[in-house]
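A short report on selected residues follows the display.

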Amino acid sequence: MPTNTDKTAGQAPADAAAANRALPVVPADALAIVPIDNAVLFPRMILPLTIARQPAILAAQQAVKSGSAVGIVLQPNAGIDEPGPDDLFQIGTVASILRYVTLPDSSHVIVCQGEQRFRVAEYLPGYPFPVARVVRLEEPDDADSEIEARVIRLRERAAEVLNYQPQVSPELLAALHNINPAGALADLVASVSEFKPIDRQRVLEALSLAQRLDIVLDCLLQRLEVLRLSREIDERAKAKIDQHQREYLLRERLRSIQNELGEGDAANVQEIESLRQAIADAQMPEEVATQARKELQRLQHMADGSAEYSLLRTYLDWLLELPWREPDPDRIEVAAARQILDDDHFGLEHVKKRIVEFLAVRKLKPDGHAPILCFVGPPGVGKTSLGQSIARALGRKFVRASLGGVHDEAEIRGHRRTYIGALPGNVIQAIRKAGSRGCVMMLDEIDKLGRGVQGDPSAALLEVLDPEQNNSFRDNYLALPFDLSRMLFITTANVVDAIPGPLRDRMEVIELPGYTQEEKLEIARRYLLARQIEQNGLQPGQIDFDDAALQAIIRDYTREAGVRSLERQIGAVCRRAAVSIAEGTMLTMHVDEGALAAILGPSRYDNEVALRTGLAGVATGLAWTPAGGDILFIEASRTAGDGRLILTGQLGEVMKESAQAALTLVKTRAASLGIDAGRFATTDVHVHVPAGAIPKDGPSAGVAMFIALASLFADVAVRQDTAMTGEISLRGLVLPVGGIKDKVLAAMRAGITRVLLPARNRRDLEEVPAAAKERLQFVFLDNVDDAVRQAMPASAAE
């Protein structure tokens, strides 16, 4: 066995001092152990190993000097310089050192050939390097049909893995198909494949052929999957690079062809000059014009096929298409504006009066800060059409932006240009569509703004709607100031409470209540009939509605604050007429009340008051909803029990508290109501509010709950023609509530003739239409005793 290096190959001999050092003799039944932290040597394999730690160097030098074998053992933790017995694996490989080389950088390399597996029996103390008695392990020879099947599969998988690795010699591939026995094949595959050292150690420690082959197969499958994914990634990357190169070559060839035809640089120059002239004609502010010229200069030096070119060109198009010039002054004629409002809308006198005042101030002071009008009311009462009428009266263009469901701040402020597909926000987009920064912009459904992880859109609207800030509004996409102060913003909402406080503070709220039946009849005559006749392809003389039919539709087929459902029902009648006229069965159609059942079906709404308030314990309350006012029935029943109060009907916390307060108030006034106080302790009270699928909340049902409970325990029925609203206190006071006009109109629609209201809501009757005042009797309450006298006259008389 050679112990010196080949000097002609540029290799240095081992250190002379180390060669002369007296190294202890290793017993014949023991081996000097060389720990290796990054490789595993298998039997029959030749492997160069770099050793750096002094114990390993001494062990290798002792073996070279004595001509004996060494034990190569894997050290799992490379950070330990002098590993002990617990820091090394117990199974290694007996190896002979074919060559010991000391390189010019003083590193030591040994070339080893594996001979046989061994297991450490015990480590011997007193040596400057690890020495251990070992038990040599014989190779198993238990080949059978299962082993042969594993061998075949191993050869196939190993060939696949090696084909993925570059610079694999044909001799190695041939050896995979020729080498025997099975254990040697597994060792060879584990040695030449890129396994982790710990996986190779698992193969080395597997003494069973089946276990060893299974471990190698599992590692091969994992490695094969990694190699396949790596190759796919490389191929995709190469395809992209090839595509970019192809596009570059095609662009260069196209540029050459265009230059030959005289269409290349000349066309680009002409486009740049046209953009430069458009910037000069756009009347941009100086800051905006400077930025536009800067971006144009960047565009001039870009290849027109690049992605950044298209992004920059789109940005310049936005700058050029926005209306930067001063808008034309308003042409406001107050008399004409009043006529426009009267022509477009029936009723709403208070709202139209405020709009006329707004227009008059705008005419006298054009440069003043206009208030932000916010129309609040149930659906279908004409909020959007009022904004269109204002635009007509001002002679401005009208644009609408819906805010319902918007939960991203970028919908208002826009996205930054760094994002793919970036665009300005809805405000800038609407201004571009209008073509004027003096347009009327309606921000619809502002109470339905959302809020998500992308920010708070209502906070972004603060700058848009604040007259002190919106003269320099900065959209994220434009990144330049845009003057919104000449625009007229109008917002709409169904519920004012849902509008964020800071936004509500910047707006003037104008409430639009629901319509009476008389107003709906007039609206149907003036607007809805003509519109539905036209939309359904009819001529004015082909269908005729009498007033009784329209009143029946309003009374029996709709129950709403607005007129949208009414218009749909009229449209359904017009469609029936269109079918008959198209078939030729009739030339004209007259619609009277008797024909409605055959066209629209049976009546959808009945007078429930007479049917549901004839018993003791039932009271009619008045409620407010986002869709307008409505009647609310409070039903109370009692059973034998222990004084519990049961509440059903999806009542909110405030409404539950009102029921508790009402019961307490009835108990405290039991004597004046003629009620035996002992009945409360032996009676369970169940209060139910029908339409249980609809959540209900609020304090305004307090009076109705008190009357229902008083009626229940006094066994006196509540007047059927009476409805009531108001909050109660434990002292018996009736406190004011909101939504009086909507509640009064709901009472009138339901056939109520008497309405009990809190005395402090007397001032709200000014907003109630005259028709409602004529048809309803209003009774004002200071306390619950007044309510008992008015709603339960039989009890009051007793």
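The sections below go through selected residues and their contacts.

## Basis of the report

This is a predicted model: local features need pLDDT of at least 70, side-chain atom pairs count only at pLDDT 80 or more, and totals for chains, interfaces and linings use all residues. Residues are numbered from 1 along each chain as its sequence is written, and side-chain values use heavy atoms, with hydrogens and water left out.

Arg754 lies in strand β23, residues 754-758. Helices (H or I, at least four residues) and strands (E, at least two) are DSSP runs, numbered from the N terminus. Arg754 is buried yet has no salt bridge. Buried means under 20% relative accessible area, exposed means over 50%, and partly exposed is in between (1.4 Å probe, protein chains only). A salt bridge is a side-chain nitrogen of Lys or Arg within 4 Å of a carboxyl oxygen of Asp or Glu. For Arg754, the nearest side chain of opposite charge is Asp721, 4.6 Å away. Lys and Arg count as positive and Asp and Glu as negative; His and the chain ends are not counted.

What does the side chain of Arg754 make polar contacts with? One partner is the side chain of Thr722, at 2.7 Å. Another is the side chain of Gln790, also at 2.7 Å. A polar contact is a pair of N or O atoms within 3.5 Å; within protein, one must be able to donate a hydrogen and the other to accept it, and residues adjacent in sequence count only if both atoms are side-chain atoms. Arg754 also touches other residues, including Arg719, Ala723, Gln777 and Val779, not counting residues up to four places away in sequence. Contact means heavy atoms within 4.5 Å.

## Salt bridges

The count comes to 43 salt bridges. Asp721 and Arg719 form one, at 2.9 Å, N to O. Asp721 is partly exposed at 24%, and Arg719 is partly exposed at 30%. Lys448 and Asp447 meet at 3.4 Å, N to O. Lys448 is partly exposed at 37%, whereas Asp447 is buried at 10%.

Glu273 and Arg276 are joined at 2.8 Å, N to O. They are three residues apart in helix α8 (residues 265-281), separated by about one helical turn. An α-helix has 3.6 residues a turn, so residues three or four places apart point the same way. Glu273 is partly exposed at 42%, as is Arg276 at 34%. Elsewhere, Arg117, Glu139, Asp187 and Arg212 are linked in a network of salt bridges.

## Aromatic rings

There are four aromatic pairs. Tyr127 and Phe129 form a tilted pair, 6.2 Å centre to centre with 50° between the planes. Rings of Phe, Tyr and Trp (its six-membered ring) pair if their centres lie within 6.5 Å; planes under 30 degrees apart count as stacked, over 60 as edge-to-face and the rest as tilted. Tyr127 is partly exposed at 24%, whereas Phe129 is buried at 3%.

Two arginines sit over rings. The charged end of Arg417 is over Tyr315, 3.7 Å from the ring centre. The charged end of Arg762 is over Phe780, 4.1 Å from the ring centre. A charge sits over a ring if NZ of Lys or CZ of Arg is within 6 Å of the ring centre and within 35 degrees of the ring normal.

Gln116 lies in strand β5, residues 108-123. Gln116 is buried at 17% relative accessible area. Its side chain reaches the backbone oxygen of Leu137 at 3.1 Å. Residues touching Gln116 include Pro43, Gly92 and Arg136.

In helix α27 (residues 784-791), Val784, Asp786, Ala787, Val788 and Ala791 are buried. Asn783 caps the N-terminal end of α27, with a side-chain oxygen 3.1 Å from the backbone nitrogen of Asp785.

## Positive phi in two loops

Most residues other than glycine have a negative phi. Arg44 has a positive phi, near 75°. Arg44 lies in the loop between β1 (30-36) and β2 (46-51) and is partly exposed at 41%. Asp715 also has a positive phi, near 55°. Asp715 lies in the loop between α24 (702-714) and β20 (722-724) and is exposed at 51%.
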